[in-house]
Amino acid sequence: MEMEIRSALTALQGQGKLADGLDMTRLTVEPPRDASHGDMATNAAMVLAKAAQMKPRDLAELLVEEVLKSDLIEAAEIAGPGFVNLQLDKAAWHRLVPHILHSGKAYGDGESGDKVNVEYVSANPTGPMHVGHARGAVVGDVLARLLEKTGSDVAREYYINDAGAQVDVLAQSALLRMREAKGETIGEIPDGLYPGDYLVPVGENLATMDVPKEEAEALTMAKSVALPMMMDMIREDLEALGVVHDFFRSEQALHDDASVDKALDELTSKDLIYQGVLEPPKGKEPPPDWEPSPQTLFKSTEFGDDSDRALKKSDGSWTYFAPDIAYHFDKYQRGYAKMIDVWGADHIGYIKRMQSAVNAITDGEAQLEVKICNLVKLMRGGEPVKMSKRSGSFITLREVVDEVGKDAVRFMMLTRKSDAPLDFDFDLVKDKSRDNPVFYVQYAHARIFSVMKNARELGWQVDDADLATVPLDALEHEAELALVRLLGTYPRMLAAAAQAREPHRVAFYLMDLAAAFHGLWNLGKEELDLRFIQEDDVAGSMARLALIRATALTLRSGFDVIGVTPQDELR
RNA sequence: GGUCCCGUAGCUCAGCCGGAUAGAGCACCGGAUUCCUAAUCCGGGGGUCGGAGGUUCAAAUCCUCCCGGGAUCACCA
């Protein structure tokens, strides 16, 4: 449609009615928010008026005259300050329905051609995942699906923090459980160790092995046993949520294969490393044990960070930042110039330094985007569910998935934009009502499925291939055309959501689409000729069935993007 | 103090790469049951889009400042 407008403008220029060399970049051709303004609207006259030295309405009149020469455009009128509203020929909309029926789940597929690396979850391998992780997992997973849908080549990665002090704590906790498994009474788990029962099987495993007496060796062995078990547990939890990764990268491996040293060398060769002393943090009391000491620092201030950042501690050991740089450099060397990391809100302060590092080590060739997921507050009976890590009574991801199902968790996590806090209401997601968006959208799909079943029972041929050939002249009611128009915006919505890295838009679209369908359904109660199945009007029925089947396919396509399984029945 | 996010109807929030009268759900009031059933829909009331400037033909949307709420500011991960 944009082509129609642009060619009309070019034609006007050809006729000498419009100045040449106008800046068209701000020109838009879009469906207006208010459907009463027509199918499409363009701001061309207003955007171009000044440069063309014409009044917007005069220019608009010329444009209307020109654009009406197109077959696709039924009517065009000038409105407001100079909008040109276009009404498309009904046939233009009708063409969309068979297109969707032919495309099926592939409807909305794009061809961006980007190559993107998405890193998400990356929870520490020291215990089961809790609900906070679930949001990042869903947002990352759906973002990856969305990017794939719009034509990107996507790698999904998980960075395993298996090298820090927390892993030593894990190993110590596991050794304690080993003693317990051997019959020793261990009493309360001491502060500072992980108290969770999930370490009992790790201890039992260790109890069957020949663990060295010497402490350092015992810890090494405990790590080698505990880490894979923790990762298996995490992978199972993720799988229960329908979340997968293609690639797991170990922090320890980055140390072992000297990737961290190489990253430091790389930055050193760019003269971005020095020995220096950092200022204590401003605006609040310095930590009690603060004392200035020389460390190996990275000049992240040269890339917009507020302070230079430590790569090595004063004792010469690596900080967490260093292997993280090595990891991102590793991604770049594997061919990813576009990286997206999905992080929790507690890492906001870490964004700039990581972006600085990526920028520095790749000479600006690679770009890191960070998607922040804010907190999830679990609600039950109108009250927040108390979560106390100390008592070990925090709610795990697995418990939530087991209680309400993966589809509900996934959908609910997308009912807010990711950087805003989210309430997750247990009562709501189990409710069968309009308030529960998961139910509401599934219900629309199930209703359509049921109608199609009824049509088959009448002996009608309603496979997609049959419906795709049906004449659609009967679709002329405003509510029907509104549904078609909404179906038509699906590919555009996907592309915009992918570009903005906002997976929640897909969920919102599905709710809109479900609402449009439910509305049409109920109209059929009052206006009998809008009922989908009318035995005395087979031709019209087939047209309406084609429409709602296209709706179901679009719902399925959207469900596929957000990783929710469509339900055929909700009874 | 720095950085980032948020402030839109009584409540919970969409909309924000500028566009026409600012939307939805809940709650409130009034209606509608032969297809999946009122598990849904339709209509109604309800708004200084935190405030003040600026840019623009046009600002909830972009820029600046201010107010309020939150997160974060390690040699932790």
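User: Start with strand 6. Which residue there does Glu-119 stand opposite?
Analyst: Glu-119 stands opposite Glu-157 of strand 6. Bear in mind that this is a predicted model.

User: In what sense do strand 5 and strand 6 pair, and over how many bridges?
Analyst: Strand 5 and strand 6, which covers residues 153–160, are parallel, with five bridges between them.

User: How many residues of strand 5 are buried?
Analyst: Four of the five residues in strand 5 (115–119) are buried, so the strand is mostly covered, taking buried as under 20% relative accessible area.

User: What comes after it? Where is Ser-122?
Analyst: Ser-122 sits in the loop between strand 5 and helix 6, the latter being residues 131–149. Its phi is positive, about 45 degrees, although Ser-122 is not a glycine.

User: Is Ser-122 buried or exposed?
Analyst: Buried, because its relative accessible area is 15%.

User: Let's zoom out. How many helices and strands does chain A have?
Analyst: Chain A contains 22 helices and 15 strands. Of its 571 residues, 49% are buried. The C-alpha trace spans about 85 × 60 × 40 Å along its principal axes.

User: Which domains is chain A divided into?
Analyst: Domain 1 covers 2–88, domain 2 covers 165–226 and domain 3 covers 433–562. Between domain 2 and domain 3, the C-alpha centres are 56 Å apart.

User: Now the RNA. How many residues surround RNA strand B, and which are the closest?
Analyst: There are 68 residues around RNA strand B, and the closest are Ser-293, Tyr-440, Tyr-443, Arg-447 and Trp-521.

User: On the RNA side, what percentage of the atoms within 4 Å of the protein belong to sugar or phosphate?
Analyst: Sugar or phosphate accounts for 60% of those atoms of RNA strand B, and bases for the rest.

User: Which residue has a polar side-chain atom 2.6 Å from a phosphate oxygen?
Analyst: Lys-525 does. For Arg-531, an N or O atom of the side chain is 3.3 Å from a sugar or linking oxygen of RNA strand B. At Asp-568, a polar backbone atom is 3.2 Å from a base nitrogen of the RNA.

User: Changing topic: where is Gly-203?
Analyst: Gly-203 is in helix 8, residues 200–207. With a relative accessible area of 0%, Gly-203 is buried.

User: What does Gly-203 touch, beyond residues up to four places away in sequence?
Analyst: Ala-174, Arg-177, Met-178 and Ala-181.

User: And Gly-242, where is that one?
Analyst: Gly-242 is in the loop that runs between helix 9 (215–240) and strand 7 (247–250). Leaving out residues up to four places away in sequence, Gly-242 touches Asp-141, Arg-145, Lys-406 and Arg-410. Lys-406 is 164 residues away along the chain, yet the C-alpha atoms of Gly-242 and Lys-406 are 7.2 Å apart.

User: Last one, helix 5. Which of its residues are buried?
Analyst: In helix 5 (96–103), the buried residues are Leu-96, Val-97, Pro-98, Ile-100 and Leu-101. They pack against helix 4 (90–94), helix 18 (464–467), helix 19 (478–488) and helix 22 (538–562).

User: What follows helix 5?
Analyst: Gly-104, which has a positive phi near 65 degrees.

Note on methods: Residues numbered from 1 in each chain as written. Chains lettered and ligands numbered in written order. Predicted model: local features only at pLDDT ≥ 70, side-chain atom pairs only at ≥ 80, totals over all residues. Heavy atoms only, no water. Domains from an automatic or database assignment. Near = heavy atom within 4 Å. Polar contact = N/O pair within 3.5 Å; in protein donor to acceptor, adjacent residues only side chain to side chain. Helix = DSSP H or I, 4+ residues; strand = E, 2+ residues; numbered from the N terminus. Contact = heavy atoms within 4.5 Å. Buried < 20%, exposed > 50% of the residue type's maximum accessible area, 1.4 Å probe, protein only. Pairing = 2+ DSSP bridges.
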